[in-house]
Amino acid sequence: MINNLKRHKPCAVILKYSLSTLFFISFTATAHEYQKIAALIEQRLSYMKYVAKYKFEKHLSVEDRTQENKVIINSINKAETLGLDKKSIEPFMISQINAAKAIQYRYKADWLSMPETMTQDDDLADIRLKISKLSDDILQLIAKELKKNGQIKNPICLYINKIQLHNLKDTDKK
(Lines give C-alpha, C1' and ligand atoms only; values in the text may rest on other atoms or scores of the structure.)
Protein backbone atom coordinates (compact mmCIF):
# COMPACT_ATOMS: atom_id res chain seq x y z
CA MET A 1 0.00 0.00 0.00
CA ILE A 2 2.72 2.49 0.96
CA ASN A 3 4.69 1.62 -2.17
CA ASN A 4 1.58 2.23 -4.28
CA LEU A 5 1.10 5.63 -2.64
CA LYS A 6 4.69 6.64 -3.35
CA ARG A 7 4.17 6.03 -7.07
CA HIS A 8 1.19 8.42 -7.23
CA LYS A 9 1.51 12.12 -7.00
CA PRO A 10 0.46 13.30 -3.54
CA CYS A 11 -2.25 15.60 -4.95
CA ALA A 12 -3.86 12.74 -6.87
CA VAL A 13 -3.95 10.57 -3.76
CA ILE A 14 -5.45 13.34 -1.66
CA LEU A 15 -8.03 14.08 -4.36
CA LYS A 16 -8.95 10.40 -4.65
CA TYR A 17 -9.57 10.01 -0.93
CA SER A 18 -11.29 13.39 -0.66
CA LEU A 19 -13.75 12.47 -3.40
CA SER A 20 -14.54 9.13 -1.82
CA THR A 21 -15.08 10.86 1.53
CA LEU A 22 -17.38 13.43 -0.08
CA PHE A 23 -19.37 10.65 -1.75
CA PHE A 24 -19.75 8.88 1.60
CA ILE A 25 -20.80 12.10 3.34
CA SER A 26 -23.28 12.86 0.54
CA PHE A 27 -24.75 9.35 0.74
CA THR A 28 -24.98 9.60 4.53
CA ALA A 29 -26.67 13.01 4.30
CA THR A 30 -29.16 11.67 1.75
CA ALA A 31 -29.89 8.64 3.92
CA HIS A 32 -30.44 10.97 6.85
CA GLU A 33 -32.93 13.04 4.78
CA TYR A 34 -34.78 9.86 3.76
CA GLN A 35 -34.92 8.84 7.39
CA LYS A 36 -36.43 12.23 8.29
CA ILE A 37 -39.02 11.98 5.50
CA ALA A 38 -40.04 8.50 6.66
CA ALA A 39 -40.23 9.68 10.28
CA LEU A 40 -42.56 12.51 9.29
CA ILE A 41 -44.74 10.13 7.29
CA GLU A 42 -44.87 7.84 10.31
CA GLN A 43 -45.79 10.74 12.57
CA ARG A 44 -48.48 11.86 10.12
CA LEU A 45 -49.99 8.38 9.99
CA SER A 46 -49.82 8.05 13.78
CA TYR A 47 -52.58 10.66 14.03
CA MET A 48 -54.99 8.33 12.22
CA LYS A 49 -55.86 6.62 15.48
CA TYR A 50 -57.20 9.92 16.80
CA VAL A 51 -59.00 10.70 13.54
CA ALA A 52 -60.57 7.22 13.66
CA LYS A 53 -61.57 7.65 17.29
CA TYR A 54 -63.26 10.96 16.57
CA LYS A 55 -65.12 9.51 13.57
CA PHE A 56 -66.04 6.37 15.53
CA GLU A 57 -67.51 8.35 18.44
CA LYS A 58 -69.39 10.73 16.11
CA HIS A 59 -70.56 7.90 13.83
CA LEU A 60 -68.82 9.49 10.84
CA SER A 61 -67.59 7.66 7.78
CA VAL A 62 -63.89 7.14 7.20
CA GLU A 63 -64.46 8.25 3.62
CA ASP A 64 -64.50 12.02 3.38
CA ARG A 65 -64.00 12.99 -0.26
CA THR A 66 -64.29 16.70 0.50
CA GLN A 67 -61.46 16.52 3.02
CA GLU A 68 -59.37 14.28 0.77
CA ASN A 69 -59.71 16.75 -2.12
CA LYS A 70 -58.81 19.60 0.22
CA VAL A 71 -55.66 17.76 1.33
CA ILE A 72 -54.66 17.02 -2.26
CA ILE A 73 -55.27 20.59 -3.44
CA ASN A 74 -53.38 22.07 -0.48
CA SER A 75 -50.48 19.68 -1.11
CA ILE A 76 -50.37 20.51 -4.81
CA ASN A 77 -50.38 24.23 -4.03
CA LYS A 78 -47.60 23.78 -1.46
CA ALA A 79 -45.65 21.63 -3.92
CA GLU A 80 -45.87 24.31 -6.60
CA THR A 81 -44.53 26.97 -4.22
CA LEU A 82 -41.61 24.64 -3.48
CA GLY A 83 -40.93 24.03 -7.16
CA LEU A 84 -42.14 20.42 -7.12
CA ASP A 85 -43.96 18.74 -9.99
CA LYS A 86 -47.64 18.65 -9.04
CA LYS A 87 -48.17 15.55 -11.20
CA SER A 88 -45.89 13.54 -8.92
CA ILE A 89 -47.22 14.98 -5.65
CA GLU A 90 -50.85 14.03 -6.27
CA PRO A 91 -50.24 10.24 -6.40
CA PHE A 92 -47.85 10.57 -3.44
CA MET A 93 -50.57 12.23 -1.36
CA ILE A 94 -53.25 9.80 -2.56
CA SER A 95 -51.04 6.94 -1.37
CA GLN A 96 -50.75 8.53 2.08
CA ILE A 97 -54.51 9.17 2.19
CA ASN A 98 -55.22 5.55 1.26
CA ALA A 99 -52.86 4.27 3.96
CA ALA A 100 -54.50 6.66 6.44
CA LYS A 101 -57.98 5.40 5.56
CA ALA A 102 -56.86 1.76 5.86
CA ILE A 103 -55.54 2.47 9.36
CA GLN A 104 -58.80 4.21 10.33
CA TYR A 105 -60.95 1.36 9.02
CA ARG A 106 -58.92 -1.17 10.99
CA TYR A 107 -59.20 0.82 14.22
CA LYS A 108 -62.94 1.24 13.80
CA ALA A 109 -63.32 -2.50 13.16
CA ASP A 110 -61.24 -3.29 16.25
CA TRP A 111 -63.38 -1.00 18.40
CA LEU A 112 -66.61 -2.67 17.27
CA SER A 113 -65.61 -5.85 19.07
CA MET A 114 -63.38 -4.39 21.78
CA PRO A 115 -64.03 -0.73 22.62
CA GLU A 116 -60.99 1.22 23.73
CA THR A 117 -61.08 3.94 26.32
CA MET A 118 -58.97 6.72 24.96
CA THR A 119 -59.05 10.33 25.99
CA GLN A 120 -58.70 12.75 23.18
CA ASP A 121 -58.09 16.41 23.93
CA ASP A 122 -58.02 17.68 20.36
CA ASP A 123 -61.02 17.92 18.11
CA LEU A 124 -60.84 16.81 14.49
CA ALA A 125 -60.04 20.31 13.18
CA ASP A 126 -56.99 20.57 15.50
CA ILE A 127 -55.78 17.11 14.52
CA ARG A 128 -56.14 17.98 10.84
CA LEU A 129 -54.05 21.13 11.34
CA LYS A 130 -51.26 19.02 12.83
CA ILE A 131 -51.51 16.55 9.95
CA SER A 132 -51.44 19.39 7.43
CA LYS A 133 -48.29 20.82 9.03
CA LEU A 134 -46.61 17.43 8.78
CA SER A 135 -47.63 17.15 5.11
CA ASP A 136 -46.01 20.54 4.45
CA ASP A 137 -42.86 19.46 6.30
CA ILE A 138 -42.67 16.27 4.23
CA LEU A 139 -42.99 18.23 0.99
CA GLN A 140 -40.32 20.69 2.13
CA LEU A 141 -37.87 17.87 2.83
CA ILE A 142 -38.63 16.27 -0.53
CA ALA A 143 -38.06 19.61 -2.28
CA LYS A 144 -34.79 20.08 -0.41
CA GLU A 145 -33.60 16.61 -1.41
CA LEU A 146 -34.58 17.11 -5.05
CA LYS A 147 -32.81 20.46 -5.22
CA LYS A 148 -29.70 18.94 -3.69
CA ASN A 149 -29.53 15.64 -5.61
CA GLY A 150 -31.95 16.00 -8.51
CA GLN A 151 -33.90 12.89 -7.57
CA ILE A 152 -35.36 10.80 -4.79
CA LYS A 153 -33.65 7.44 -4.95
CA ASN A 154 -35.19 4.06 -4.33
CA PRO A 155 -33.47 3.55 -0.94
CA ILE A 156 -36.15 5.79 0.60
CA CYS A 157 -38.37 2.70 0.40
CA LEU A 158 -36.12 0.99 2.93
CA TYR A 159 -36.93 3.70 5.46
CA ILE A 160 -40.64 3.74 4.65
CA ASN A 161 -40.76 -0.04 5.03
CA LYS A 162 -39.34 0.35 8.56
CA ILE A 163 -42.34 2.40 9.68
CA GLN A 164 -44.11 0.48 12.43
CA LEU A 165 -47.60 1.55 13.45
CA HIS A 166 -50.52 -0.41 14.77
CA ASN A 167 -52.92 -1.17 11.90
CA LEU A 168 -50.41 -0.17 9.21
CA LYS A 169 -49.73 -3.18 7.01
CA ASP A 170 -46.83 -3.84 4.65
CA THR A 171 -49.24 -3.55 1.71
CA ASP A 172 -50.15 -0.03 2.87
CA LYS A 173 -46.47 0.95 2.80
CA LYS A 174 -46.07 -0.21 -0.78
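Which side chain does that of E33 meet in a salt bridge? Select E33 together with K36, whose side chains meet at 3.5 Å, N to O, a salt bridge being a side-chain nitrogen of Lys or Arg within 4 Å of a carboxyl oxygen of Asp or Glu. This is a predicted model, in which local features need pLDDT of at least 70 and side-chain atom pairs count only at pLDDT 80 or more, while totals for chains, interfaces and linings use all residues. Residues are numbered from 1 along each chain as its sequence is written, and side-chain values use heavy atoms, with hydrogens and water left out.

E33 and K36 are three residues apart in helix α2 (residues 10–46), about one helical turn, where helices (H or I, at least four residues) are DSSP runs numbered from the N terminus. E33 is buried at 5% relative accessible area, whereas K36 is partly exposed at 31%; buried means under 20%, exposed over 50% and partly exposed in between, with a 1.4 Å probe and protein chains only.

Next, select helix α3, residues 48–57, whose buried residues are M48, V51, A52, K53 and K55. Within this helix K53 forms a salt bridge with E57 (3.8 Å, N to O), the two lying four residues apart, and E57 is partly exposed at 45% relative accessibility. Just after α3, pick H59, which takes a positive phi of about 55°.

Finally, select K86 and E80, whose closest N and O atoms are 3.6 Å apart in another salt bridge, and then E63, R65, E68 and K101, which are linked in a network of salt bridges. The whole structure holds 14 salt bridges.
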